[in-house]
Amino acid sequence: NLFRLLVVMVALASLFSCRRAEVDIVRAISISADYVTVPMGIQVTYTATAVYSGGDRPIVTDQATWAVSDDTLASITSNSGDLVKEGRLFSKGVGEVTVSATYDGVTGRTTLNITDAELEKIDIHPHDPTFALAATPAWQFKATGLYSDGQAIDLTDYVTWASSSSA
């Protein structure tokens with residue numbers, strides 16, 4: 001009898017001390033990029049972040065399904081496999097496009113304005129590579145496109161690099 005009473009007391013204590021288990025669910029998807037306006041022909045890489053009810057904020061760019069509102073203005077990589085980064089937008093028309101990312105049934109949205117601005121100049125950094133090379137043998141050059149609407153866009157990954165020296 002004492003054993004049964006002890007079992008009942010432990011069961012009641014467990015019942016009253018148990019809290020309802022909370023499920024950590026995705027509450028929102030946050031989408032970010034370096035640019036909100038770009039000239040036509042520029043690529044924009046987006047990042048999707050899941051916002052969980054428990055406060056976690058993991059990056060889910062590669063797990064999200066990406067879409068654009070108008071595929072005549074832009075296309076975006078989605079579910080393309082390991083060879084292509086997900087969330088990379090290719091602008092191909094002038095106008096405003098909505099970019100969306102869906103993860104775990106939750107969709108986040110942002111807009112991108114694509115303009116007809118023209119490239120006026122490419123600025124290369126460092127300006128004095130002799131100094132930079134002497135100070136840092138493995139120097140990384142950067143190309144910045146300056147456009148007719150005043151924007152400065154990083155073109156480092158999109159230009160073709162060449163040197164007048166064979167050294």
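**Notebook: confidence, sheets, pocket and local geometry**

I began with confidence in the chain: it is lowest in helix H2 (residues 129-135), at a mean of 55, and highest in strand S9 (residues 106-115), at 97. Here pLDDT is the predictor's confidence in each residue, from 0 to 100. The chain averages a pLDDT of 84, and 75% of the residues score at least 70. I noted that this is a predicted model, in which local features need pLDDT of at least 70, side-chain atom pairs count only at pLDDT 80 or more, and totals for chains, interfaces and linings use all residues. Residues are numbered from 1 along each chain as its sequence is written, and side-chain values use heavy atoms, with hydrogens and water left out.

**Entry: four-stranded sheet**

I took helices (H or I, at least four residues) and strands (E, at least two) as DSSP runs, numbered from the N terminus. Two strands pair if DSSP finds at least two bridges between them. I found an open sheet of four strands in the order S2-S9-S8-S5, with mixed pairing. Its edge strands, each pairing on one side only, are S2 (37-39) and S5 (65-68). Neighbouring strands of this sheet are turned by 30° against each other on average, direction ignored; the axes are lines fitted to C-alpha atoms, for helices over the stretch in contact, and angles run from 0 to 180 degrees between N-to-C directions. I then followed S5 to strand S8 (residues 95-103): the two run antiparallel and are joined by four bridges. Thr65 has Thr102 in S8 as its bridge partner.

Past S8, I looked at Asp104, which is found in the loop between S8 and S9. Asp104 is not a glycine, yet its phi is positive, at about 50°.

**Entry: three-stranded sheet**

I found a further open sheet, of three strands in the order S10-S11-S12, with antiparallel pairing. Strand S10 (119-125) and strand S12 (152-154) are the edges, each pairing on one side only. Strand S11 (residues 142-147) is joined to S12 by three bridges, and the two run antiparallel. The bridge partner of Leu146 in S12 is Ala152.

I also checked the peptide bond from His125 to Pro126 and found it cis, with omega near 0°. Pro126 is placed in the loop between S10 and H2.

**Entry: aromatic pairs**

I counted two aromatic pairs, with rings of Phe, Tyr and Trp (its six-membered ring) pairing if their centres lie within 6.5 Å; planes under 30 degrees apart count as stacked, over 60 as edge-to-face and the rest as tilted. One of the pairs is Tyr46 with Trp66, tilted, at 6.2 Å centre to centre and 40° between the planes. Tyr46 lies in the loop between S3 and strand S4 (47-52) and Trp66 in strand S5, so the pair ties together parts that are 20 residues apart in sequence.

**Entry: largest pocket**

A pocket is an open set of points on a 1 Å grid over the protein atoms alone, where a 1.4 Å probe fits, with protein on both sides within 12 Å along at least five of seven lines; lining residues have an atom within 4 Å of a point. I recorded that the lining of the largest pocket includes Asp34, Tyr35, Asp154 and Asp157. Strand S3 (residues 43-45) gives the largest share of this lining, three residues.
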